[in-house]
Amino acid sequence: MIEIREITAEISIGLLNLKAFSVQNNLQIKRQQEKAGTRFVLEELLGTPDFELLYTPENKPFLAGRTDHISISHSHDKLVIIVNHKQNTGIDIELIRDKVLKIRHKFTNANEAAFAGQDIEKLIAVWASKEAMYKCFGLKSLDFKENLSVEDFDGELILGKIETKDSTKRFELVREKIEDYIMVYILKESPPNNYTL
């Protein structure tokens, strides 16, 4: 039902089967399922029930009085949370479905549209990468086509960038297929001149 992964010394991820959790805890309302599931996964990741989960005005989650950075995502029957003890972070999980073909023009730039083409899993990975970076940034002022971009990818590693008039941030992200879902999370923010995008 729950899987805890230690990615690095600083990063851990909790994956919860929300459907199984909701059945076990007799939760029928989706919002209650997500709230209780989030609390349960955080307790497992942090090793304590003693924490307070709060949200910024932009709806970015944080832990009161703690230095850990967190990000939360849920899609249908999956809930995932990433904890990074050192850097700001982001995670996204998406159910694989062809609906992405109808909305790709809203989030892909010309380069991404060219390399992703009709590949549903690749398009979802592009979307999830941008969602993870958006969550890391924490402000609602980003445009998915204009400010967020990713390089072409074949394996698990994705190189992404947030570019605004004030700054440029580059990230290494990891893509993983889990059953019928694509999960993408930020592995680390890269030094400014580490690669070109």
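The second largest pocket of this predicted model has a volume of about 180 Å³. Its lining is formed by Glu94, Leu95, Arg97, Lys99, Val100, Ile103, Ile124 and Trp127. Strand 7 (91-95), helix 3 (100-107) and helix 5 are the elements that give two or more residues to this lining. By residue class, the lining of the second largest pocket comprises five nonpolar and three charged residues, with no polar ones.

At least two lining residues come from each of helix 2 (30-46), strand 3 (53-55), strand 5 (69-75) and helix 5 (120-137). Helix 2 is the element that gives the most to the lining of the largest pocket, contributing six residues. The lining of the largest pocket holds nine nonpolar, seven polar and nine charged residues.

The overall fold was examined next. The protein contains five helices and 11 strands. Along the principal axes, the C-alpha atoms fill a box of roughly 45 × 35 × 30 Å. The radius of gyration is 17 Å, which agrees with a compact globule, because a globule of 197 residues would have a value near 16 Å. Of the 197 residues, 46% count as buried. Among contacts with a separation of 6 or more, 47% are accounted for by residues 24 or more positions apart. The accessible surface of the protein amounts to about 10300 Å², and carbon and sulfur atoms hold 48% of this area.

Ser12 is found in strand 2, which spans residues 11-17. With a relative accessible area of 4%, Ser12 falls under the 20% cut-off and is therefore buried. When residues up to four places away in sequence are not counted, Ser12 touches Arg5, Glu6, Ile7, Leu45, Ile81, Ile82 and Val83. Ser12 and Glu156 are separated by 144 residues in sequence, and their C-alpha atoms are 17 Å apart in space.

Technical notes: Residues are numbered from 1 along each chain as its sequence is written. This is a predicted model: local features need pLDDT of at least 70, side-chain atom pairs count only at pLDDT 80 or more; totals for chains, interfaces and linings use all residues. Side-chain values use heavy atoms; hydrogens and water are left out. Helices (H or I, at least four residues) and strands (E, at least two) are DSSP runs, numbered from the N terminus. Ala, Val, Leu, Ile, Met, Phe, Trp, Tyr, Cys and Pro count as nonpolar, Asp, Glu, Lys and Arg as charged, and the others, Gly among them, as polar. On a 1 Å grid over the protein atoms alone, a cavity is a set of points where a 1.4 Å probe fits but cannot get out, and a pocket is an open set with protein on both sides within 12 Å along at least five of seven lines; lining residues have an atom within 4 Å of a point. Grid points are joined across faces, edges and corners, and a volume is the space filled by probe spheres set on the points. The radius of gyration is taken over C-alpha atoms; the globule rule is 2.2 Å times the number of residues to the power 0.38. Buried means under 20% relative accessible area, exposed over 50%, partly exposed in between (1.4 Å probe, protein chains only). Contact means heavy atoms within 4.5 Å. Accessible areas come from the Shrake-Rupley method with a 1.4 Å probe; for residues, only the protein chains shown count as cover.
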